[in-house]
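Here's a quick briefing on the fold and the packing. Have the viewer open as you read.

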Amino acid sequence: MSNLAREDGKQVYFEDYGSGDSAIILVHGWGSSLRAWDYNLQALTSAGYRVVLLDHRGCGNSDKDFADMGIEAIATDVVALVEHLGLSRVVLNGWSMGGPVIVSAAAELGARCVGLVLT
């Protein structure tokens with residue numbers, strides 16, 4: 001649905017379902033894509049939650065040639081996405097390698113992160 005501009009003209013792909021200033025952000029594991037969350041997405045949006053998903057650097061529809069594709073770099077993408085969307089409250093859910101990514105992002109987001117789910 002959309003791309004988030006990052007360093008050196010690179011793009012991180014994301015999808016945003018719903019509205020409001022709070023959301024659940026779903027972060028997939030390495031080598032996967034945001035499509036890993038399709039069944040969860042349907043259940044969460046049907047329950048009325050705003051849900052945001054992103055493809056890691058190098059995965060899915062995001063650019064594949066980032067200089068840094070480590071956990072901290074991906075976490076900065078999550079933080080940048082929260083800021084880009086103007087979210088004031090987020091619950092972060094990370095699956096597999098998405099787990100350490102969201103832990104790092106939560107540390108930077110501070111009080112804006114109201115929950116962590118390690119899947």
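**The sheet and what packs around it**

Six strands make up an open sheet with mixed pairing, in the order β1-β2-β4-β3-β5-β6. The edges belong to β1 (2–5) and β6 (113–118); each has a single partner strand, so one side of each has no neighbour in the sheet. Averaged over the sheet and ignoring direction, neighbouring strands are turned by 25° against each other. Keep in mind that this is a predicted model.

*Strand and helix details*

- β1 runs antiparallel to β2 (residues 11–17), and four bridges join the two.
- In that pairing, serine 2 sits opposite phenylalanine 14 of β2.
- Helix α1 (residues 38–46) lies across β2, β3 (22–27) and β4 (51–54), and runs at about 160° to β4.

*Nonpolar cores*

- As background, nonpolar side chains in soluble globular proteins tend to be buried together.
- Here, the largest nonpolar core counts 26 residues, and Ile25, Leu54, Val90 and Leu92 have the most contacts inside it.
- At least two residues of this core come from each of β2, β3, β4, α2 (71–85), β5 (89–94) and α3 (98–109).
- The most is given by α2, which puts in eight residues.

*A closer look at leucine 92*

- Leaving out residues up to four places away in sequence, leucine 92 touches Ile25, Val78, Ile102, Ala105, Ala106, Leu109, Cys113, Gly115, Leu116 and Val117.

Key. Residues are numbered from 1 along each chain as its sequence is written. This is a predicted model: local features need pLDDT of at least 70, side-chain atom pairs count only at pLDDT 80 or more; totals for chains, interfaces and linings use all residues. Side-chain values use heavy atoms; hydrogens and water are left out. Two strands pair if DSSP finds at least two bridges between them. Axes are lines fitted to C-alpha atoms, for helices over the stretch in contact, and angles run from 0 to 180 degrees between N-to-C directions. Contact means heavy atoms within 4.5 Å. A nonpolar core is a set of buried Ala, Val, Leu, Ile, Met, Phe, Trp, Tyr and Cys residues joined through side-chain atoms within 4.5 Å. Buried means under 20% relative accessible area, exposed over 50%, partly exposed in between (1.4 Å probe, protein chains only).
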